[in-house]
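Here are my notes on this one, as numbered points. Have the viewer open while you read.

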Amino acid sequence: MDPETIQKTYAVVPGLNMGLFTPKDLGTILQIINRYDVPATKITSAQRLALLGMSEEEMTALQKELKSHIRKTAINGVHYVQACPGLKWCKYGIADSLSLGKKLEELSMSEPLNAKVKVGVSGCRMCCTEPYVRDVGIFASKKGWTLIFGGNGAGKPRIGDIVAKDLNDDEVLVLVKKCLNVYQENSKPRTRTARFMERFGIDSLKEKVFEGSPKE
Ligand code: SF4
């Protein structure tokens, strides 16, 4: 396409609770989409709905109308949480990934994280949310959750390291926070967890997070 014919357009991305929304919410969003004649919509890799191709004015107006559906950008916490349907909605699910995902979305840190932190939670070992290539990845087995840290699925991919297995919800939340604290204290701004872990190493991370703790 001739670059001169490409028109700059804007997108609105309602942050839907881990990709989950009620039929009522969907109806409301659809009505708004139709009213604004939105040219295209897309489910993003982060399980969000992107409304594409609008002018700046339309984007501002749409943002106002969709206010209650747009997830506030986390200032101190994680960038986004992907969670699979899990125990509640998937026949293979053995643990409630949506409930754990919600708790992780609400995780608050004492200061802004050094870079984006993406989280994937899967309700069984099939790992549909790709937890091995997320900054924080979690999947369920019959004995409990496995926590993985430092994965990345982008241009320089990295398989994350297993921090601990057989965890319950509370243990996951405590350990995720500890891993993020160690990452915060030992990495430079804009360094993703994958690059941090290449340098720092899983043994050093475990040493820090399990200091004085029997569970490993
Ligand atoms: S990870 Fe397991 S529980 Fe989650 S959607 Fe995939 S198959 Fe279902």
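1. A term first: two residues are in contact if their C-beta atoms, placed from the backbone, lie within 7 Å. By that test, and leaving aside neighbours within four places in sequence, cysteine 179 is in contact with Phe149, Val163, Leu205 and Val209.

2. Some housekeeping. This is a predicted model, where local features need pLDDT of at least 70, side-chain atom pairs count only at pLDDT 80 or more, and totals for chains, interfaces and linings use all residues. Residues are numbered from 1 along each chain as its sequence is written.

3. On confidence: pLDDT is the predictor's confidence in each residue, from 0 to 100. The chain has a mean pLDDT of 87, with 86% of its residues at 70 or more. Over residues 1-6 pLDDT stays under 50, and the model has one contact beyond four places in sequence for them. Where pLDDT is low, the predicted coordinates should not be read in detail.

4. Now the core. A nonpolar core here is a set of buried Ala, Val, Leu, Ile, Met, Phe, Trp, Tyr and Cys residues joined through C-beta atoms within 7 Å; buried means 20 or more other C-beta atoms within 10 Å of the residue's own, exposed means 12 or fewer, partly exposed is in between, and C-beta atoms are placed from the backbone. The largest such core has 41 residues, of which Leu147, Val163, Leu175 and Cys179 touch the most other members. H5 gives the largest share of this core, six residues. (Helices, H or I of at least four residues, and strands, E of at least two, are DSSP runs numbered from the N terminus.)

5. Which residues of helix H6 (residues 193-200) are buried? They are Thr193, Ala194, Phe196 and Met197. These lie on the same side of H6 because they cover an arc of only 160° around the axis, taking directions from the helix axis to the C-beta atoms. Glu198 and Arg199, on the other side of H6, are exposed. The buried residues of H6 pack against strand E7 (144-149), strand E8 (161-167), helix H5 (169-186) and helix H7 (202-209). Just after H6, glycine 201 has a positive phi of about 90°.

6. Have a look at arginine 134, in the loop between strand E5 (118-122) and strand E6 (136-141). Arginine 134 counts as buried because it has 28 C-beta neighbours inside 10 Å. Not counting residues up to four places away in sequence, arginine 134 touches Lys118, Val119, Gly120, Gly151 and Gly160.
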